Amino acid sequence: PPPGRIVYEERERGRDREREGGELERRTKLEENIPRPPACVASGFAMKSGVLPVLGLFVPLVSCSWHSSNLPSSLEASEGVRNHQPSLLWQKSTQDGKGSLSVYSDRSYKVHVGGKTWLEGSPVAVHVSSVWFCDEEDASKRSECYQLQFDGSKESKGVHDTLGEYDEFVLSYSMGKNKVPFSVAFQHFPEADLFLFEQRFPKGLAGVHFKDWDGKQKLTSTNAQHHEFLVATGQKDTFTVKWPDINQFQSNGKVSVQFPCWKAGAELPGDSRHLTWVGRFAVTRWGEGFGGAGGQEGGPVVLFDGKARDSIVMSNFDNFKTSILGYDCFGVKKGENAICAGPHAHIKQLPAGFKTSTSLSFSWAGPTDAMYQFGSSLQKAHSTNRMKDDKDILTTKLSYWTDNGGYYAWYKYDDILQEGTPADVLQKLSQEFVQNDIRVHYYQLDAYWFDFERANSNCKKNVQEQSVLFPEGLAGLSESIKGKLLLYDGPTCASFVPDGLPEEDKAEISLIYSNPYNLSWAEGQMAQVSPQSSEKFFSSLMATFKQKGAAGYEIDFMDFNFLLFKDFQTQVGASHAWLAAMNRGAVANDLPIQYCMPLPSDILESVLHNAVTNVRASHDYQVGTDNWNIGPTSLLHGALGLKSSKDNFQTAVKNGAINAKLNALVATLSTGPVGFSDELGTAQYDIIRRTSSKDGTLIRPSRCPHPIDRSYLSSDSSPSGHVWTTFSKIGENLWYQILAVETSEPAESVRMAELYPVPEESTTFIVWELDNPKCAAGMAIKDCAKQFSDTKAANIFTGNSEEGKPLNFKSWVASPIIGGYALLGEISKFVPVSPDRIVSLVHADGGGMDVQVRGSAGEIVEMLFVLPTSKLLQSEKCTVGEDGMCVIAVTPAQTIGM
């Protein structure tokens, strides 16, 4: 649950429904004497004197269905159909009054936007011991469930440590003869315009899973399963990559406690759409109408109108590896979409005191703003404080990678020594970098530095470097190449032993084992360090890695590490404990973490783990693929305060890197790692130099890029290609950068209102194209830059490339006009105006502009300007001093005679 002690100032309002004449006792007796159906008799379901012992006496799970035909006629008759309209019990609104949540006397609830019903809530439902209980007293509407006992409601106030004051409305229930209590709460946090829906089980609840986990079943992941998911949920969505893994292994879309459970409201706009993230790498998906939940492999869902303005975000707000937004909801007709929140179907037992929350938030400025508003509330609730740049070498310094897709991806070599030992090759590479005045700060070592099993997903057999590959050890390698190491950690072999760790730590490390699995490219069985011993393991591992010269830690196969393991799938908090121990070990040793192959739940979970600074946003790099297309997934990352990783890239044309410049540009815009991976003697260093300063410090924007909101609309309204934006913030001013790839319409344009954050209406910009030869010193301003305002859009046409040729792309920068001046910036870099380069920008006394920049001693920094008294572009430069700073001063006097 979110941190913070909740202080209740309860005000009982006495909204208990009328139960005169022993109604509670009568209903309890009826529930105790419900006969079991024949299917359960055949399965050997434990019984006592013909009474179904649901709740209180928990029994093994069985596969049997309950139908209304199994209900005793006396129970059906006792549930009269309401003949009156429910009255409003509780309603809270956003600060502007446009969005609201209403709860009614029949315990139904609705969400309104502008007075129209966008969402309708389904009754609370609980699955336990193979049967459903639900809060639906109208027997004509109830199917396959028994009535929950409603014990009353109350309204109260409270204070959350980080989110502030809130109002809440609680519905209390109990189940079975032992009257097992639980409650659900509607909460409103007015300061954040945030609504939470909380489930509470003070005494816990056992037997909530749907079937026992079969640890021997061989698990698979196929595109056919993905296709079946789309058919089952009626989705015809757009994906950023084709056929992502979904429903892989034993992931599911069911929840055991449904609250809230949403269906499309009667007044949801007919042109509404949804946006979400699913599967490995959190692939982005969007489409028509209400829907989008991805179950265990899903993430937040954004529902918005056909103009991409009015938006709602629904998401799990805690227990990210336990609770989900499900799509296979109880009580929902086949073909009807619903989104139901709660613990997923594999969880066996909810412990005493278990709570879990789901959030709902609004924005009237589109899906991007909605996600950033949600992300801000989530980080505030969990007191997220990500590791700062001064400790995060992974996202701030230039690097070299030996990952999949890199030229020296040694784990794929049939003979790993065919080009010499990795230590020898890395030594030669480091010398080449020095000769070309390229400063590489760290080297990524992939799934070969330890002993591994290739057929079993390159799983590690230990955490000891292979001496034949690294004769001087990793610490010796780090010293000889004058660079730190990013050490890869992926799947763990079932034969794993903790060699490489101190002897005194080994005995305390135990393993859990996965299901066997079979994929087209790998098969076998994996192990993982148990949650119980994860604290000792990660504490020891991170300290050992630090001694070996590590600058960071990359954890890969995160979907495998969760979905294949019974312990993580069936126990509340097991996966969280494992990830939290990893984080604590990393924080103690100042090692930033990269998550790779994450599920959306891992990305949400990262708000609890401050060492996680960046997350992979793409599949593995391969020359000629769309690995560069990280924009949609980066929206999720940026909203949660993360940096995106595009993975490595090659620049050598001889090795097929025809889109080298695009990949390098996107990696720089990502704000995450920038790691090239070329063969000795082949790199295009003129491209690599554009990513960073002379000392290898990356020159990045303030935030990772994302598509403009129009991208998620139907094809006749969306851009004709990929259109992303980001920005750099210097002081109080914003410089925006636009990337367009393969836009086919000559009139394709971007309006100022489509940038994010939306500029102030009073701000005037000029927009200019990066790498346009007309944008250089001495060239006419009118031939380079165009005015960009509310009424003047920026044309972003690129044209389409021919098959097999480099993709067409262009990047534009929108520079604000400040006191008649405009800073175009360092046009030799991919990000010409960057907070990594520019410390401050101020107006000088008597007019002019002073730009303070940082760099390495002796580095010459040149920037381009528009001056108020000149029709030509002007450049000025400065030389960085020993203190790492210099000032570029531009004054009106410099324009005399031009």
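Buried means under 20% relative accessible area, exposed over 50%, partly exposed in between, with a 1.4 Å probe and protein chains only. Helices (H or I, at least four residues) and strands (E, at least two) are DSSP runs, numbered from the N terminus. Contact means heavy atoms within 4.5 Å.

This is a predicted model: local features need pLDDT of at least 70, side-chain atom pairs count only at pLDDT 80 or more, and totals for chains, interfaces and linings use all residues. Residues are numbered from 1 along each chain as its sequence is written, and side-chain values use heavy atoms, leaving out hydrogens and water.

Threonine 671 follows H16 and has a positive phi, near 70 degrees. Threonine 671 sits in the loop between H16 and S39. Its relative accessibility is 4%, so threonine 671 counts as buried. Leaving aside residues up to four places away in sequence, threonine 671 touches Thr395, Lys643, Ser644, Arg700, Pro701, Ser702, Arg703 and Cys704.

**The sheet**

Eight strands form an open sheet with parallel pairing, in the order S38-S37-S36-S35-S29-S26-S25-S39. S38 (643-645) and S39 stand at the edges with a single partner strand each, so one side of each lacks a neighbour in the sheet. Neighbouring strands are turned by 30 degrees against each other on average, direction ignored. Axes are lines fitted to C-alpha atoms, for helices over the stretch in contact, and angles run from 0 to 180 degrees between N-to-C directions. Two strands pair if DSSP finds at least two bridges between them.

| Strand pair | Sense and bridges |
|---|---|
| S26 and S29 | parallel, four bridges |
| S29 and S35 | parallel, five bridges |
| S35 and S36 | parallel, three bridges |

Glutamine 444 has leucine 486 in S29 as its bridge partner. H8 packs on the sheet and touches S26 and S29; its direction makes about 140 degrees with that of S29. Leucine 487 is bridged to tyrosine 553 in S35. Tyrosine 553 in turn has isoleucine 593 in S36 as a bridge partner. S35 (550-555) is mostly covered, with six of its six residues buried.

**Helix H8**

In H8 (473-480), the buried residues are Gly473, Leu474, Gly476, Leu477 and Ser478. They pack against helix H7 (422-435) and strands S26 (442-445), S28 (459-465) and S29 (484-489). Just after H8, lysine 482 takes a positive phi of about 55 degrees.

**Nonpolar cores**

A nonpolar core is a set of buried Ala, Val, Leu, Ile, Met, Phe, Trp, Tyr and Cys residues joined through side-chain atoms within 4.5 Å. The largest has 133 residues; Leu445, Tyr448, Trp449, Met582 and Phe676 touch the most other members. H16 gives this core its largest share, seven residues. A second, separate core of 55 residues includes Tyr146, Val180, Phe186 and Trp262.

**Confidence**

pLDDT is the predictor's confidence in each residue, from 0 to 100. The protein averages 88, and 86% of the residues score at least 70. Over residues 1-83, pLDDT stays under 50. Where pLDDT is low, the predicted coordinates should not be read in detail.
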